[in-house]
Amino acid sequence: MTQDAHQEQDGDEPEGVLLKGEGNVATRIKVERDKRGWSTTLVSDLLNEAGYEMNPSAVWRIENRKRRINLDEAIGFAEIFGLSLTNLVGPPTLASGPAMELIEDVVVTNATAQRAQRAYRRATDALAAFLAEHPEIREEADVMVSNAIAENTMKINQEQFGLPPAS
């Protein structure tokens, strides 16, 4: 039997940065509740007000891994703590400070960049197909695209780095 299997059999989490999702959520609920100085009764009241029925005993049992949490309840906890569900499910070691928010920003920005890259490929493919049918305008179109891209790049660089030094 592996060390991980022994640990899981004994009820301990395997060592490492990432725990399982429900374990992360249970730990995060306790961390977030303690950080705010909230009792399990207050958490229960807030969940109930938000439309997620739960009593204080259930909050305690979830925190102590005596009860599983369902998706709707996890959404409720995220809502009352003002967290995204991704943040709530993330590793508790990243809960302090802005780490999870920064990680989420990187992930969301990456997804946005990938969608933009796919859109760019579709646009360039469509232009290439059109120009293949109209070779007489290819040279002018290529110059126009190159100039527009260079102008956009200069604007972005100026926004990021400022104006170039005067010569």
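Reader: At what angle do helix α3 and helix α5 pack?

Author: In this predicted model, helix α3 (residues 40–49) and helix α5 (residues 71–81) pack at about 105°, and their axes are 10 Å apart. Angles of 65 to 115 degrees count as roughly perpendicular, so α3 is roughly perpendicular to α5.

Reader: Which residues of α3 and α5 meet?

Author: From α3 come Val-43, Leu-46 and Leu-47, which meet Gly-76, Phe-77 and Ile-80 of α5. Five residues of this contact are nonpolar, one is polar and none is charged.

Reader: How is a pair of aromatic rings described?

Author: One gives the distance of the centres and the angle of the planes. A search of the whole structure finds two aromatic pairs. In one, the ring centres of Trp-38 and Phe-81 are 5.7 Å apart with the planes at 20°, so the pair is stacked. Trp-38 belongs to the loop between α2 (21–36) and α3, whereas Phe-81 belongs to helix α5, so the pair ties together parts 43 residues apart in sequence.

Reader: Are Trp-38 and Phe-81 buried or exposed?

Author: Both Trp-38 and Phe-81 are buried. Phe-81 also pairs with Phe-77: the ring centres are 6.2 Å apart and the planes lie at 25°, so this pair is stacked. Phe-77 and Phe-81 are four residues apart in helix α5, about one turn of the helix. Phe-77 is buried as well.

Reader: Which residues form one aromatic cluster?

Author: The cluster consists of Trp-38, Phe-77 and Phe-81.

Technical notes:
Residues numbered from 1 in each chain as written. Predicted model: local features only at pLDDT ≥ 70, side-chain atom pairs only at ≥ 80, totals over all residues. Heavy atoms only, no water. Axes fitted to C-alpha atoms, helices over the stretch in contact; angles between N-to-C directions. Helix = DSSP H or I, 4+ residues; strand = E, 2+ residues; numbered from the N terminus. Parallel < 35°, antiparallel > 145°, perpendicular 65-115°, else oblique. Contact = heavy atoms within 4.5 Å. Nonpolar A, V, L, I, M, F, W, Y, C, P; charged D, E, K, R; others polar. Phe/Tyr/Trp six-rings, centres within 6.5 Å; stacked < 30°, edge-to-face > 60°. Buried < 20%, exposed > 50% of the residue type's maximum accessible area, 1.4 Å probe, protein only.
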